[in-house]
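Visitor: I would like to go through this model feature by feature. Please give the general idea before each case.

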Amino acid sequence: MDAIEALIGRVSPAGLGPPGPGDEELRKILEAAAAAPDHGRLQPWRFIVMAGEARERLGEILAQSLQRREPDSPPARLEAEKRKALRSPLVILVAAAVKENPNVPEVEQIVSAGAAAQNILLAAHALGFGGFWRTGAVAYDGEAKRALGLEESDRVVGFLYLGSVVLAGRPRRVEIDPLVRRW
Ligand SMILES: Cc1cc2nc3c(=O)[nH]c(=O)nc-3n(C[C@H](O)[C@H](O)[C@H](O)COP(=O)(O)O)c2cc1C
């Protein structure tokens, strides 16, 4: 796929299913992630790859986080939260493990992790898969971060759900001109 076509044509699919990226494709996707702009070459990224049964652990973590936030959640709501982890065959959690650095403030390291996340979506798209980006309150839940193997100080940038597109997304038309000031 042409690079510009991939950049402009990416949309979040409405539904994903198997198959997800295989090992070689996943390697390429992660290489694309690690090619993100990285001030100071700090590599402040964490990529947690969850496929197959590992997604069930993620589902538990999502449901436990919801229960902590909303202890009265009915079982059906908790079950639905759990099932979110199964929305795609592969989930990649992207986080920024921010490092103390006199020249590279925290925001730049988080932005770099955001660029890595976008590279993941674009690489998946270029390889013929679909992907969508989710956060939600769990991304800011310290206990959930620990359960995911992160430090509480790590910043979750997103959960990227990847797989084959079973339901296409809605193409967007963004009016560019109002967003731009020409000097
Ligand atoms: C950091 C970040 C977090 C997001 N979190 C959510 C989310 O939790 N739930 C959601 O519905 N969309 C979320 N989105 C937006 C979608 O991923 C998506 O970009 C949006 O629905 C627009 O669709 P498109 O990707 O087809 O343009 C998030 C986007 C970003 C950049």
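Guide: Start with residue classes: Ala, Val, Leu, Ile, Met, Phe, Trp, Tyr, Cys and Pro count as nonpolar, Asp, Glu, Lys and Arg as charged, and the others, Gly among them, as polar. This is a predicted model, in which local features need pLDDT of at least 70, side-chain atom pairs count only at pLDDT 80 or more, and totals for chains, interfaces and linings use all residues. Residues are numbered from 1 along each chain as its sequence is written.

Visitor: By class, which residues does the shell around the ligand have?

Guide: A residue is near a molecule if its C-beta atom, placed from the backbone, lies within 6 Å of it. The shell around the ligand has 3 nonpolar, 5 polar and 2 charged residues. Surrounding the ligand are Val11, Ser12, Phe132, Trp133, Arg134, Thr135, Gly136, Gly158, Gly169 and Arg172. Strand β4 (residues 130–134) contributes the most to this shell, with 3 residues.

Visitor: How many helices and strands are in the secondary structure of the protein?

Guide: Helices (H or I, at least four residues) and strands (E, at least two) are DSSP runs, numbered from the N terminus. The protein has 6 helices and 5 strands, in the order α-β-α-β-α-α-β-α-β-α-β from the N terminus on.

Visitor: Which strands pair with β3?

Guide: Two strands pair if DSSP finds at least two bridges between them. Strand β2 (residues 45–51) pairs with β3 in the antiparallel sense over 7 bridges, and isoleucine 48 stands opposite leucine 93 there. β3 also pairs with strand β5 (residues 155–167), again antiparallel and over 7 bridges. Within that pairing, valine 91 has tyrosine 161 as its bridge partner, and isoleucine 92 has leucine 160.

Visitor: How many residues of β3 are buried?

Guide: A residue is buried if 20 or more other C-beta atoms lie within 10 Å of its own, exposed if 12 or fewer, and partly exposed in between, with C-beta atoms placed from the backbone. In a regular strand the side chains alternate between the two faces of the sheet. For strand β3 (residues 90–96), 7 of the 7 residues are buried, so the strand is largely enclosed by the rest of the structure. Leu90, Ile92, Val94 and Ala96 are buried on one side, and Val91, Leu93 and Ala95 on the other. Over the whole protein, buried residues make up 34% of the 183 residues.

Visitor: What does the largest nonpolar core have in it?

Guide: In soluble globular proteins, nonpolar side chains tend to be buried together. A nonpolar core is a set of buried Ala, Val, Leu, Ile, Met, Phe, Trp, Tyr and Cys residues joined through C-beta atoms within 7 Å. The largest has 39 residues, and those with the most contacts inside it are Val91, Val94, Ile120 and Leu160. At least two residues of this core come from each of α2, α3 (54–69), β3, α5 (106–126) and β5. α5 gives the most, with 8 residues.

Visitor: Leaving aside neighbours within four places in sequence, which residues is leucine 160 in contact with?

Guide: Two residues are in contact if their C-beta atoms, placed from the backbone, lie within 7 Å. With those neighbours left aside, leucine 160 is in contact with Val91, Ile92, Val94, Ala117, Ile120, Leu121, Gly131 and Trp133.

Visitor: Is isoleucine 29 buried or exposed?

Guide: Isoleucine 29, in helix α2 (residues 23–33), counts as buried because it has 27 C-beta neighbours inside 10 Å. Beyond four places in sequence, isoleucine 29 is in contact with Pro21, Ile120, Ala123 and Ala124. Isoleucine 29 and asparagine 119 lie 90 residues apart in sequence, and 7.7 Å apart in space, C-alpha to C-alpha.

Visitor: Where should I look for backbone exceptions?

Guide: Most residues other than glycine have a negative phi, and most peptide bonds are trans. A cis peptide bond joins proline 18 and proline 19, with omega about 0°. Arginine 41 has a positive phi, near 45°, and lies in the loop between α2 and β2. With 7 other C-beta atoms within 10 Å, arginine 41 is exposed. Glutamine 43 also has a phi near 45°, but it counts as partly exposed, with 14 C-beta neighbours inside 10 Å.
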